Amino acid sequence: MKNPFSIHKLVLRGLFAAGMAICAWISVPLGDISFTLQSFALFLSLFSLGGKDGSIIFAVYLLMGAAGLPVFSGFQGGFGILLGPSGGYLWGFALAGPVYWLLTYLQGEKAAIPAACAGMLLCYLLGSLWFLFVYADGLAWWMVIGKCVLPFILPDAIKFFLAYRLSRRLHRYI
């Protein structure tokens, strides 16, 4: 068994966490929820390093942001972001990693894509429910889906595909 605290592992985790912050900074505001490359970075880390390391990386990223480092979209930081309109999506991403980890642990690497899809669906669900109950201000659930999910499905699918393809190329170097 490899040492989980080896210099190689720690450097990889640090690089992927930094990459996640950089990808979050690349954002296009679409009202209350921004389009970012954050999901690309999350799934690249899950596909490249596995569910355990990908989950650790996202947890470190959330802790950095909660501590006030400007790692979230729009160069923002602080615990308040985790309670803002897009906070449910951040919590959803935090659970996407363990879902991916569990499903790939049970089914092997052949389940990588379905496991990542399940994680993304969980993220959509938690983010939409958070937005609906905390920020929707009288919007019907179907309006929240139209505002917070539908505009993101195609871009997320493209990011997902690119993360998977890039991770396959990175495997020989990691």
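## Overall architecture

Among the contacts in the protein that join residues at least 6 apart in sequence, 61% link residues at least 24 apart, where contact means heavy atoms within 4.5 Å. The structure is a predicted model, in which local features need pLDDT of at least 70 and side-chain atom pairs count only at pLDDT 80 or more, while totals for chains, interfaces and linings use all residues. Residues are numbered from 1 along each chain as its sequence is written, and side-chain values use heavy atoms, with hydrogens and water left out.

The protein contains 8 helices and 2 strands, where helices (H or I, at least four residues) and strands (E, at least two) are DSSP runs numbered from the N terminus. Followed along the sequence, these elements give the pattern α-β-β-α-α-α-α-α-α-α. The radius of gyration, which is 16 Å, is close to the 16 Å that the globule rule gives for 174 residues, so the protein is as compact as a globular protein of that length; this radius is taken over C-alpha atoms, and the rule is 2.2 Å times the number of residues to the power 0.38. Along its principal axes, the C-alpha trace spans about 55 × 35 × 25 Å.

## Surface and charges

The protein exposes about 9,300 Å², and carbon and sulfur atoms supply 74% of that area; accessible areas come from the Shrake-Rupley method with a 1.4 Å probe, and for residues only the protein chains shown count as cover. Of the 174 residues, 40% are buried, a word that here means under 20% relative accessible area, whereas exposed means over 50% and partly exposed lies in between (1.4 Å probe, protein chains only).

## The nonpolar core

The largest nonpolar core has 43 residues, of which Leu 42, Phe 43, Phe 47, Phe 58, Tyr 61 and Phe 72 touch the most other members; such a core is a set of buried Ala, Val, Leu, Ile, Met, Phe, Trp, Tyr and Cys residues joined through side-chain atoms within 4.5 Å. At least two residues of this core come from each of α1 (7–25), α2 (38–49), α3 (51–66), α4 (79–82), α5 (87–107), α6, α7 (141–148) and α8 (150–170). The helix that gives the most to this core is α2, with 8 residues.

Leaving aside its neighbours within four places in sequence, Phe 43 is in contact with Ala 116, Met 120, Phe 160 and Ala 163.

When neighbours within four places in sequence are left aside, Ser 128 is in contact with Tyr 89, Val 144, Ile 145, Cys 148 and Val 149. Ser 167, which is found in helix α8, has 0% relative accessibility and therefore counts as buried. With neighbours within four places again left aside, Ser 167 is in contact with Leu 44, Phe 47 and Ser 48.

Leu 15 sits in helix α1 and is exposed, with a relative accessible area of 56%. Leu 15 and Leu 44 are 29 residues apart in sequence, and from C-alpha to C-alpha they are 12 Å apart in space.

## Residues in the loops

The loop between α6 and α7 contains Ala 136, which is buried, with a relative accessible area of 6%. Not counting residues up to four places away in sequence, Ala 136 touches Phe 131 and Val 144, while its C-alpha atom is 14 Å from that of Leu 126, a residue 10 places apart from it in sequence. Asp 137 is also found in the loop between α6 and α7, but at 77% relative accessibility Asp 137 counts as exposed. Although Asp 137 is not a glycine, it has a positive phi of about 50°.

Phe 75, placed in the loop between α3 and α4, is not a glycine either, yet it has a positive phi of about 55°. With 54% relative accessibility, Phe 75 counts as exposed.
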